[in-house]
Structure formats: C-alpha cells, structure tokens
Amino acid sequence: MTAGVDLGQPQAQAIRSDEDVVRVRQLVRTVSVAVKLSLVDQTKVVTAASELARNTLVYGGGGSVEVAIVDNGRRRGVRIVFADSGPGIADLDLALTDGYTTGGGLGLGLSGARRLVDEFDIQTAAGEGTRITVTKWAR
C-alpha cells in the first residue's frame with residue numbers, strides 16, 4: 001500500500017514531468033493490486049497507463065490523470081482517465097493505426113494501450129485537447 005493513498009476515493013495526479021509518469025505507474029500498480037488484478041493484468045494496465053501518461057506529457061503538453069476503483073456489481077476494476085488541453089489528435093483513425101507514430105517511436109502507444117485494457121474510450125478535437133478513459137477488470 002502506498003502511503004497517503006485513500007483507495008476509497010479517486011486519486012488525481014498531475015502529469016508535468018517524467019517523474020510524474022513514474023508516479024502514475026506506481027499509483028496504477030497500487031490500485032491494481034488492491035482490486036486483485038492478476039500479475040499479468042497488472043502489467044498490462046500499468047504498461048497502458050505508462051504509454052498514455054507519456055503521450056499526455058509529450059503530445060498534450062502535460063495534463064492530469066485520475067485513477068479509481070470501479071465496481072460493476074460482478075467484479076472490480078481500475079478506471080484511469082487521462083486529460084490534457086493540448087492540440088488534440090487531428091486524425092484519430094490514423095493515430096489508432098498500428099505502426100503510426102509522429103514521435104519516431106514504435107507507433108504502439110494508442111493502439112497498444114487499447115489492446116492492453118478491457119475498455120478504451122477517447123474524446124479529442126483539434127485545439128481542444130484529449131481525454132482517454134481506460135478500464136481493466138479483474139477476471
């Protein structure tokens with residue numbers, strides 16, 4: 001358990017530096033353990049969160065994340081919402097294509113993150129920023 005983390009409440013974290021990306025990873029790991037995700041599912045959601053936090057920092061100019069425990073009556077999970085006020089994603093279909101990158105990387109950020117979680121929702125508009133919500137459910 002991470003000191004100072006009240007898992008009964010959604011946890012907010014600013015994303016303004018590389019250190020904040022590390023904090024997001026740690027927070028998502030703590031919440032994933034609390035909802036009893038398997039080690040494989042913990043790794044998947046932490047990896048997705050790391051990619052999305054990095055995108056928030058690099059492409060969105062920084063932003064925030066909120067991590068919460070969710071319960072749908074049958075099982076518990078982790079819901080993570082990333083938000084930025086950056087330029088938005090001009091061509092979402094292209095951005096979600098495997099191999100597409102604007103940053104010289106592998107191009108697995110958005111499409112890879114989408115494959116690692118159970119639910120993936122993205123809202124974006126040019127000049128209005130991006131909001132990505134992902135959920136990983138305990139099996």
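Reader: How many residues lie between strand 4 and strand 5 in their hairpin?

Author: There are three residues between strand 4 and strand 5 in the hairpin. Strands (E, at least two residues) and helices (H or I, at least four) are DSSP runs, numbered from the N terminus. Please note that this is a predicted model: local features need pLDDT of at least 70, side-chain atom pairs count only at pLDDT 80 or more, and totals for chains, interfaces and linings use all residues. Residues are numbered from 1 along each chain as its sequence is written, and side-chain values use heavy atoms, with hydrogens and water left out.

Reader: In which sense do strand 4 and strand 5 pair?

Author: They pair in the antiparallel sense, over seven bridges; two strands pair if DSSP finds at least two bridges between them. One of the bridges joins Glu 119 to Thr 135 in strand 5.

Reader: And what is the phi of Gly 127 in the turn?

Author: Gly 127 has a positive phi of about 80°. Most residues other than glycine have a negative phi. Lys 36 has a positive phi of about 65° although it is not a glycine.

Reader: Where is Lys 36, and is it buried or exposed?

Author: Lys 36 sits in the loop between helix 1 and helix 2. Its relative accessibility is 69%, so it counts as exposed. Buried means under 20% relative accessible area, exposed over 50%, and partly exposed in between (1.4 Å probe, protein chains only).

Reader: Changing topic: how many salt bridges are found in the whole structure?

Author: A search of the whole structure gives seven salt bridges. The term means a side-chain nitrogen of Lys or Arg within 4 Å of a carboxyl oxygen of Asp or Glu. One of them joins Asp 18 and Arg 54, at 2.9 Å from N to O. This pair links distant parts of the chain, as Asp 18 is in helix 1 (residues 18-34) and Arg 54 in helix 2 (residues 39-58), 36 residues apart.

Reader: Which residues are linked in a network of salt bridges?

Author: The network links Asp 41, Asp 118, Lys 136 and Arg 139. Within it, the side chains of Asp 118 and Lys 136 meet at 3.6 Å, N to O. Asp 118 lies in the loop between helix 4 (109-116) and strand 4 (119-125), and Lys 136 in strand 5 (residues 129-137), so the pair ties together parts 18 residues apart in sequence.

Reader: Is Lys 136 buried or exposed?

Author: Lys 136 is buried, because its relative accessible area is 2%. Asp 118, at 32% relative accessibility, counts as partly exposed.

Reader: What about Arg 139: at what distance does its side chain meet Asp 118?

Author: The side chains of Arg 139 and Asp 118 form a salt bridge at 2.7 Å, N to O. Arg 139 lies in the segment after strand 5 and Asp 118 in the loop between helix 4 and strand 4, so this pair ties together parts that are 21 residues apart in sequence. At 64% relative accessibility, Arg 139 counts as exposed.
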